[in-house]
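Please keep the sequence and the model at hand while reading.

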Amino acid sequence: MKPTAVSREVVETVRRRLAEEASLPTAQSVASALRDHGSVVGSGTVLALVDELRRDTLGAGPLDPLLAMPGVTDVLVNGPDQVFVDCGSGLERVNVAFADEEAVRRLAQRLAAQGGRRLDDASPFVDVRLADGTRFHAVLAPLARPGTLLSLRIPAQVSFTFRQLVESGSMSPTAARLLRAIVEARVAFLISGGTGTGKTTLLSALLSLVPPHERLVVVEDASELRPSHPHVVGLEGRTTNIEGAGAIAMRDLVRQALRMRPDRLIVGEVRGAEVVDLLAALNTGHEGGCGTLHANSAFDVPSRIEALGVAAGLPREAVHSQLASALDIVIHVGRLPGGRRLLREIAVMTRDTAGLVATETAVSFDGGGVPAWGPGRDRLGVLLGLLLGEIEGL
């Protein structure tokens, strides 16, 4: 027999009753609360209500099946009626909805509390890492519209190997050989690209190519890199706790990493004042350092680093002076209209007569991975220890 529908008013009454008594939603506790309310329902309705209340108090509620989907990288909630997932081919709307705006808000507050943060009208947005590594961000309505907004970034459980990236079409064989040569030459590089373009995936695959006798020290705001390498140690930043204290900045972790005898220093994502310490580290004999950076193109990377460095207190001239001798190569990745991720460009760093750093394209790749050599080709060959004929023959 189909369970009898229960009004939202009754559901809320039962929920408040269980909260006041600090009771878990069981068949017995729910049935008792319904009886006290004067509602007579069948066992099927009681069990259905137990399931609904459990979803509201455990896990991620109606989002749990989405978070468990193979290959899912992001789950986004735009108010109670719009839920989207990204499984590697762009965002797709799914047939999942919340009962109302209050249900979205409760879930947001519960997940924030799991990460040790407060989320309410006085503190209406939060960015935390959950216990399973999921990155959770929320903004409460009415600050957000069409309702409370949730963003969950799921860490990869299994990293793509370098070979798998080639086989999937993310890079051509020529690009793959160049990237191998970059890792082997121990040049410093950044992987740039927009959100969801596969920067972390590619960096993890490249780190797996590092010789096994080298020690990798990884600094991240949220742990995402999973390189297949026998000697990887990591440091992870921390946001403030529910009392607003206890934050550990990335900049502090970069300084600690330098004391840990790294053969290669890796900053998972350069996004703040840590750029100052990273540039300083790469100027003091730490070869092969690398990381990722949000940028629209390889051309924009120097200006992004300049903006971060100036915001951290360095003069513009000092930023470019450090950058010129710290960073060698930019690897830019993008996403095609259909969602496929692709290595788009490898660029080298140059410096003009005014001392300002710019990037120069060494090679770019079209949607099919066909290489087009640019003016930075010769400089790339010098960095990799290859002659002109050798680099074009890769």
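D74 is buried, with a relative accessible area of 12%; buried means under 20% relative accessible area, exposed over 50%, and partly exposed in between, with a 1.4 Å probe and protein chains only. The model is predicted, so local features need pLDDT of at least 70 and side-chain atom pairs count only at pLDDT 80 or more, while totals for chains, interfaces and linings use all residues. Residues are numbered from 1 along each chain as its sequence is written, and side-chain values use heavy atoms, with hydrogens and water left out.

**The sheet and its strands**

D74 belongs to strand β1 (residues 74-78). Strands (E, at least two residues) and helices (H or I, at least four) are DSSP runs, numbered from the N terminus. The side chain of D74 makes a polar contact of 2.6 Å with that of R153. A polar contact is a pair of N or O atoms within 3.5 Å; within protein, one must be able to donate a hydrogen and the other to accept it, and residues adjacent in sequence count only if both atoms are side-chain atoms. Not counting residues up to four places away in sequence, D74 touches F84, V85, D86, L152, R153 and I154, where contact means heavy atoms within 4.5 Å.

An open sheet is formed by 6 strands in the order β3-β2-β1-β6-β5-β4, with antiparallel pairing. Two strands pair if DSSP finds at least two bridges between them. Because β3 (91-93) and β4 stand at the edges, each with a single partner strand, one side of each is left without a neighbour in the sheet. The following table gives two of the strand pairs.

| Strand pair | Bridges | Bridge partners |
|---|---|---|
| β4 and β5 (residues 135-139) | 5 bridges | R129 and R135 |
| β5 and β6 (residues 149-153) | 5 bridges | R135 and R153 |

**Helix α7 and the cores**

Helix α7 (residues 173-184) has 12 residues and reaches 17 Å from its first C-alpha to its last, close to the 16 Å expected at 1.5 Å a residue; the expected span is 1.5 Å times one less than the number of residues. Its buried residues include T174, A175, L178, L179 and I182. Just after α7, R186 takes a positive phi of about 60°.

The largest nonpolar core has 36 residues, of which L179, I329 and I331 touch the most other members. A nonpolar core is a set of buried Ala, Val, Leu, Ile, Met, Phe, Trp, Tyr and Cys residues joined through side-chain atoms within 4.5 Å. The largest share of this core, 7 residues, comes from α7. Apart from it lies another core, of 32 residues, among them V217, V219, A281 and V301.

**The surroundings of H229**

H229 lies in the loop between β8 (216-220) and β9 (232-236) and is buried, with a relative accessible area of 12%. A polar atom of the H229 side chain lies 3.3 Å from the backbone oxygen of V210, and a polar atom of that side chain lies 3.0 Å from the backbone nitrogen of H231. Leaving aside neighbours within four places in sequence, H229 is in contact with L207, V210, P211, P212, E214 and L216.
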